[in-house]
Amino acid sequence: MSIAAAATQNPSIQQHHHNHRIIIPNKNGEKLVGILHQSGTTTDLVILCHGFQCSKDTNLILNLAVALEKAQISSFRFDFSGNGEGSFQFGNFSTEVDDLHAVVQHFRESNRVIRAIVGHSKGGNMGLLHASKYHDIKTVVNISGRYNLKAGIEECLGKDYFERIKKDGFIDVKKSSGSLDYRVTKESLMEVLGTNLNEVCPQIDKECRVLTIHGSSDESNSVQDAHEFAKIIPNHKLHIIEGADHAYNNHQDELLSVVVCFIKETIDQNKGTAS
């Protein structure tokens with residue numbers, strides 16, 4: 001039985017588990033809405049970050065929260081600003097890193113010990129960017145993050161994107177139905193093009209343990225990206241899940257157990273030290 005299924009079927013697991021909706025203002029005064037999965041009385045906390053065009057309620061994020069809860073680890077999953085209510089921001093890196101930092105600050109002020117940031121896809125990138133900028137969380141789990149951001153843009157927008165955005169100031173990406181999916185502004189494009197993970201990742205502290213997990217059959221971000229992160233992040237562990245796609249559709253259990261084991265190991269190693 002899967003971890004996720006076990007958690008719903010075993011009522012004893014539910015004891016001392018409470019979910020609270022929490023709203024945290026970001027520095028622009030926008031509301032970051034999240035769900036705190038409180039497991040037991042521990043002050044330890046893991047922050048979960050969703051990917052592009054996903055939310056705090058995406059299956060993978062929800063399953064991570066449940067798996068951590070089952071391991072007696074509390075977590076907080078939240079929507080980045082501009083990502084709730086069906087609207088999505090392309091790029092938006094610095095805002096999302098600031099959002100993540102606002103969440104970190106909020107829980108630190110509530111005397112929580114933030115043990116790890118776990119992010120999927122773009123959320124993994126946010127965890128790495130946060131670690132390179134703030135140096136205050138000592139464990140990051142990067143699930144299927146993208147290394148070559150430029151390559152991703154060409155896939156989304158087509159080869160001539162730069163000429164088009166210079167001419168119009170924006171590009172609208174349409175759904176297959178023809179309706180608007182999201183708008184890419186010149187400013188957001190320049191920010192993505194200006195974010196070079198090759199320069200950013202080596203700035204992550206040697207004390208910060210980074211685990212990169214990637215599926216060997218990832219159709220969105222090539223598994224080669226994971227090997228690139230392994231080369232440049234100072235304190236790095238790599239775990240490739242054979243045959244897994246970007247959403248780990250047939251590999252949820254392996255993903256969940258790898259993440260939970262790594263975080264339990266982190267907590268055991270750090271017991272008695274504040275984050």
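Axes are lines fitted to C-alpha atoms, for helices over the stretch in contact, and angles run from 0 to 180 degrees between N-to-C directions. The model is predicted, with local features needing pLDDT of at least 70 and side-chain atom pairs counting only at pLDDT 80 or more, while totals for chains, interfaces and linings use all residues. Residues are numbered from 1 along each chain as its sequence is written, and side-chain values use heavy atoms, leaving out hydrogens and water.

Helices (DSSP runs of H or I, at least four residues) are numbered from the N terminus. Helix 2 (residues 59-70) packs against helix 10 (residues 252-270) with the axes 10 Å apart and an angle of about 50°. That angle makes helix 2 oblique to helix 10 (under 35 degrees is roughly parallel, over 145 roughly antiparallel, 65 to 115 roughly perpendicular, and the rest oblique). Contact here means heavy atoms within 4.5 Å. On the helix 2 side are Leu60, Asn63, Leu64, Ala67 and Leu68, which meet Gln252, Leu255, Leu256, Val259, Val260 and Ile263 of helix 10. These residues divide into 9 nonpolar, 2 polar and no charged (Ala, Val, Leu, Ile, Met, Phe, Trp, Tyr, Cys and Pro count as nonpolar, Asp, Glu, Lys and Arg as charged, and the others, Gly among them, as polar).

Next comes helix 3 (residues 93-109), whose axis comes within 9 Å of that of helix 4, crossing at roughly 75°. Helix 3 is therefore roughly perpendicular to helix 4. The contact between helix 3 and helix 4 has 7 nonpolar, 3 polar and 4 charged residues. Among the residues that meet are Glu96, Asp98 and His101 in helix 3 and Lys122, His130 and Lys133 in helix 4.

Helix 5 and helix 7 (residues 186-193) have axes that come within 9 Å and cross at roughly 145°. Leu149, Lys150, Ile153 and Leu157 of helix 5 make this contact with Leu189, Val192 and Leu193 of helix 7.

Finally, the pocket. A pocket is an open set of points on a 1 Å grid over the protein atoms alone, where a 1.4 Å probe fits, with protein on both sides within 12 Å along at least five of seven lines; lining residues have an atom within 4 Å of a point. The largest pocket has a volume of about 490 Å³, a volume being the space filled by probe spheres set on the points. Its lining comprises 22 residues, and those closest to the centre are Phe52, Lys122, Arg146, Cys156 and Asn221. Helix 4 (122-134) and helix 5 (149-157) are the elements that give two or more residues to this lining, and helix 5 gives the most, with 5 residues.
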